[in-house]
Amino acid sequence: MVISKQDKQILRELAKKYMELASLPVNKEKTEMWKHINMLKDEKPMVWINQVPWHEMDVNGELTIRTSNEFCRSLETFLRQQIYQFEHMRCDMVLEPVLQCPLVIEDTGFGITEDVDIVNTDINNSVVSRHFKIQIRDEEDLEKIKYPVVTYDEKATEENYSTMLDIFQDIIPVEKSGMRGFWFAPWDELVRWWGIQEVFIDMYDRPELVNKAMARFVDAWLRRLEQYEKLNLLDLNNINEPVGSGAYGYTDELPGRDNKPEVVRPSHLWGSAAAQIFSDVSPRMHEEFALSHEIRWLERFGLTYYGCCEPLHRKIHILEKIPNLRKISMSRWINVDEAVSQIGRKYVFSYKPNPAV
């Protein structure tokens, strides 16, 4: 990989600024506060901003990308966004004084992807409107869901790592990082292949088919997880890594006493799950068609987080069946008093206020 002198200089200057901010004492203070929250200790509510519409934020050039090499541009984007957020909308954000070089991992996927028509009203926005074309109608269509094959590209990883070491030497440490958890939301994907109205009707008319689909899909996810573990591609997420949709995973409870630094297992990590499309599904049907299957995934992890945008304040009694459940996402559209009374001090209440201004 050939990096121009100009690209290297741009990245080094950004890294100096990043390291300056990451070295501030406030980062360690916030880290301890996040740990308190995640370990069910008394602490102030922690505030974190995520899913920023970055394409709307560059009003003064602070986010303008100036490098030319594609690899450099990805590094520059990360550094600029981290610096920008820390300086302008920090809240309880934490910067770690290290840069991560992700392992290069190839994954064949599940054999089926969304087939969509797209409407884009803003070419700079990665969020688009989609019309999903139905691909699962009958039991034979479930065969379209395949088991992923995971491989590790050590050569590409070493190339990226050596490049980063060369760029950032004497400024900031660089370390290789594996997969720090998964966004496990099988219904987010299934519904894109099946159709929302169709799924809701089939949960009533063809419940066996719906359960078979979910069972097969969770099997595929577990097969993927087993390969990550066997290839030793997992990495700890008890750092400033988002867990589920609920901010950082800082805690002293993970990785646990059985941890060996050279081997990371799912039991050393936070796990998560969500079934956002089930917002208007009853607790009984949520448990049958989502939670009973998701638990097979969640039970593999040390601590777990459930939910995203679905209002769960009336489903706490079924979520209590999740092993090692610690955090529950509570959307804007809930009865807060009811949620508080149901959660008590058993779990962390991860509240999502209204993002609209």
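1. Two strands are taken to pair if DSSP finds at least two bridges between them; strands (E, at least two residues) and helices (H or I, at least four) are DSSP runs, numbered from the N terminus. This is a predicted model, in which local features need pLDDT of at least 70, side-chain atom pairs count only at pLDDT 80 or more, and totals for chains, interfaces and linings use all residues. Residues are numbered from 1 along each chain as its sequence is written, and side-chain values use heavy atoms, with hydrogens and water left out.

2. An open sheet is formed by four strands in the order β7-β8-β9-β10, with parallel pairing. Because β7 (270-273) and β10 (348-351) stand at the edges with a single partner strand each, one side of each has no neighbour in the sheet.

3. Within this sheet, β8 (residues 303-306) and β9 (residues 325-330) pair in the parallel sense over three bridges. Y306 stands opposite I328 in β9.

4. The second largest pocket holds about 960 Å³ of space. On a 1 Å grid over the protein atoms alone, a pocket is an open set of points where a 1.4 Å probe fits, with protein on both sides within 12 Å along at least five of seven lines; lining residues have an atom within 4 Å of a point. Grid points are joined across faces, edges and corners, and the volume is the space filled by probe spheres set on the points.

5. The lining of this second largest pocket comprises 36 residues, of which F78, Q82, Q100, P102 and E241 lie nearest its centre. Helix α3 gives the most, with eight residues.
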